[in-house]
Amino acid sequence: MKKNNTPNSRRSFIKNTTLTGIGISIIPRHVMGKGFVPPSDKLNIAVVGGGGKGYSDALNVWNKGTSNLVAICDVDWNQSKRLMEKFPNATKYKDFRKLFDNQKDIDAVTISTPDHTHAVIAMSAIKSGKHVYVQKPLTHSIHEARVLTEAANKHKVVTQMGNQGASGGGVKQMIKWFDEGIIGNVSKVHVWTNRPVWPQGIATPTEKPALLDGLDWDTWIGPAQWVDYHPLYHPFKWRGWWNFGTGALGDMGCHLMDPPYRVLGLGYPTEVESSVGAIFKRDWSPEYLPDSCPPSSRIQLKFPASAKNKSEVTLTWTDGGLRPFHPDLIPADHPVGGNDSANGVIMIGEKGIMTCDVYGRIPKVYLNNGDLLTFDDLEKNTLPEHGHHVAWVEACKEGFGKAKHEALTSSFDYAGPLTESILMGNLAIRSYNLRTPKGNGFEYSGRKKLLWDGENMKITNFDEANQFVKREYREGWTL
């Protein structure tokens with residue numbers, strides 16, 4: 001940890017007074033235990049993945065100098081150029097393993113890389129005693145989410161997932177309305193998004209273009225199965241490939257499913273079923289594209305009653321621009337969900353309907369008696385991203401298990417089960433597309449309702465689907 005050695009610093013002032021003579025002393029940081037940072041100190045933060053979302057993550061945790069940004073790691077320095085120019089004194093790396101091996105002044109790490117590398121990077125940080133902030137979705141697989149959650153508690157590090165709407169005023173207002181019994185118990189939830197807004201449902205590329213200058217492709221691939229570089233993978237379109245991304249559901253589920261999951265106090269689902277949009281390039285013969293996420297999907301998850309919500313919940317997710325129709329309580333000329341209805345949530349209760357846009361913004365309640373309740377969060381806090389990051393930084397400084405840590409909205413204790421539930425949808429999609437030869441065609445035996453044992457992370461009625469619970473890592477990679 002870098003010290004402020006100026007004559008007027010608080011630390012120098014205390015050291016140069018006689019306070020120790022009256023029973024007050026400075027306790028060395030190592031005595032306080034691994035992972036503890038005195039609140040008066042600045043946090044030393046390393047950034048892994050500094051382009052795109054990683055740039056805003058870095059600026060938000062740096063927070064105009066209230067934290068030190070001491071290292072930037074990215075396999076493609078061209079993507080992180082803007083961040084590296086802003087922080088020229090930060091040590092630069094391409095391989096996160098060298099970062100953790102070589103730099104010992106790090107207190108905390110932000111991870112803003114493609115989905116398939118979240119878990120291995122976060123686990124390395126956790127085992128090194130570093131607090132971690134990980135972009136959504138927390139992990140690429142259900143198993144990774146469970147293991148990371150357990151490791152964070154074992155190693156006593158402060159964690160946060162980057163679904164910033166969880167810290168917003170809109171979600172807090174929705175919790176307040178529900179806890180007051182405004183809409184009663186909820187039995188049905190609809191969630192939808194206009195994603196994907198990148199290519200999905202496309203053939204695996206076979207050409208081999210030249211590698212981008214300076215790109216460490218082997219480290220970018222990381223634990224995923226090897227494929228040659230292609231611009232359909234990097235820098236952005238990786239989201240649409242199962243080897244690297246988690247599709248529309250992984251991209252937006254942690255933002256959109258968070259409000260109902262949090263408001264209703266949901267846990268592990270008990271069953272899941274899916275259907276996906278088909279692609280035809282010739283009559284009667286759908287394309288088989290097992291590497292690419294589908295262009296659209298529909299997923300149904302069922303959750304048992306919770307301590308907060310006394311009804312079983314059926315949650316329906318749709319993507320690819322498909323959305324639910326207006327319930328009777330919502331007037332015909334009102335948008336459903338957000339202002340443009342591109343993304344949204346509808347929770348149907350006994351006494352009314354609660355809706356919101358992405359990040360829990362623009363929450364509304366349509367009551368059975370015709371009343372409309374609104375909350376003007378757009379003026380108060382359109383996107384609480386800054387506060388979501390700063391809350392994590394302050395919790396890191398206070399320490400694991402302390403009040404600020406317990407108050408975080410997406411520590412892994414919450415974000416882990418949420419991510420597992422969301423990734424259940426992808427398990428169902430991939431199971432839906434499993435096929436075996438039969439006669440002159442194929443049999444799709446995974447197109448059924450899948451029953452889920454959440455505690456044991458296991459589909460109980462179709463064992464072939466369990467291959468999607470835990471991914472196989474490339475040789476040389478492990479958690």
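Modeller: Helices (H or I, at least four residues) and strands (E, at least two) are DSSP runs, numbered from the N terminus. Axes are lines fitted to C-alpha atoms, for helices over the stretch in contact, and angles run from 0 to 180 degrees between N-to-C directions. This is a predicted model, where local features need pLDDT of at least 70, side-chain atom pairs count only at pLDDT 80 or more, and totals for chains, interfaces and linings use all residues. Residues are numbered from 1 along each chain as its sequence is written, and side-chain values use heavy atoms, with hydrogens and water left out.

Now look at helix α5, residues 118-127, which lies across β1 (44-48), β4 (108-111) and β5 and runs at about 165° to β5. These strands belong to an open sheet of 6 strands, ordered β3-β2-β1-β4-β5-β6 with parallel pairing; two strands pair if DSSP finds at least two bridges between them. At the edges stand β3 (91-93) and β6 (159-161), each with a single partner strand, so one side of each has no neighbour in the sheet. On average, neighbouring strands here are turned by 20° against each other, direction ignored.

Follow the sheet to β5 (residues 131-134), which pairs with β6 in the parallel sense over 3 bridges. Tyrosine 133 stands opposite glutamine 160 in β6. Another helix, α14 (residues 412-432), packs on the sheet, touching β5 and β6, and its direction makes about 40° with that of β6.

Back to α5: how much of it is covered? Of its 10 residues, 8 are buried, where buried means under 20% relative accessible area, exposed over 50%, and partly exposed in between (1.4 Å probe, protein chains only). Among the buried residues are His118, Val120, Ile121 and Met123. Their cover includes β1, α4 (96-102), β4, β5, α6 (142-154) and α14. Just after α5 comes glycine 129, with a positive phi of about 80°.

For a side chain elsewhere, find asparagine 309 in the loop between β11 (297-303) and β12 (313-318). Asparagine 309 is buried, at 0% relative accessibility. A polar contact is a pair of N or O atoms within 3.5 Å; within protein, one must be able to donate a hydrogen and the other to accept it, and residues adjacent in sequence count only if both atoms are side-chain atoms. A polar atom of the asparagine 309 side chain lies 2.7 Å from the backbone nitrogen of valine 186, and this side chain also reaches the backbone oxygen of serine 311 at 3.0 Å.

Finally, some rings. Rings of Phe, Tyr and Trp (its six-membered ring) pair if their centres lie within 6.5 Å; planes under 30 degrees apart count as stacked, over 60 as edge-to-face and the rest as tilted. The count by this rule is 12 aromatic pairs. In one of them, tryptophan 62 and phenylalanine 87 have ring centres 5.0 Å apart and planes at 80°, so the pair is edge-to-face. Tryptophan 62 sits in helix α2 (residues 53-62) and phenylalanine 87 in the loop between α3 (81-86) and β3, so the pair ties together parts 25 residues apart in sequence. Tryptophan 62 is partly exposed at 24% relative accessible area, whereas phenylalanine 87 is buried at 8%.

Technical notes:
Contact means heavy atoms within 4.5 Å.
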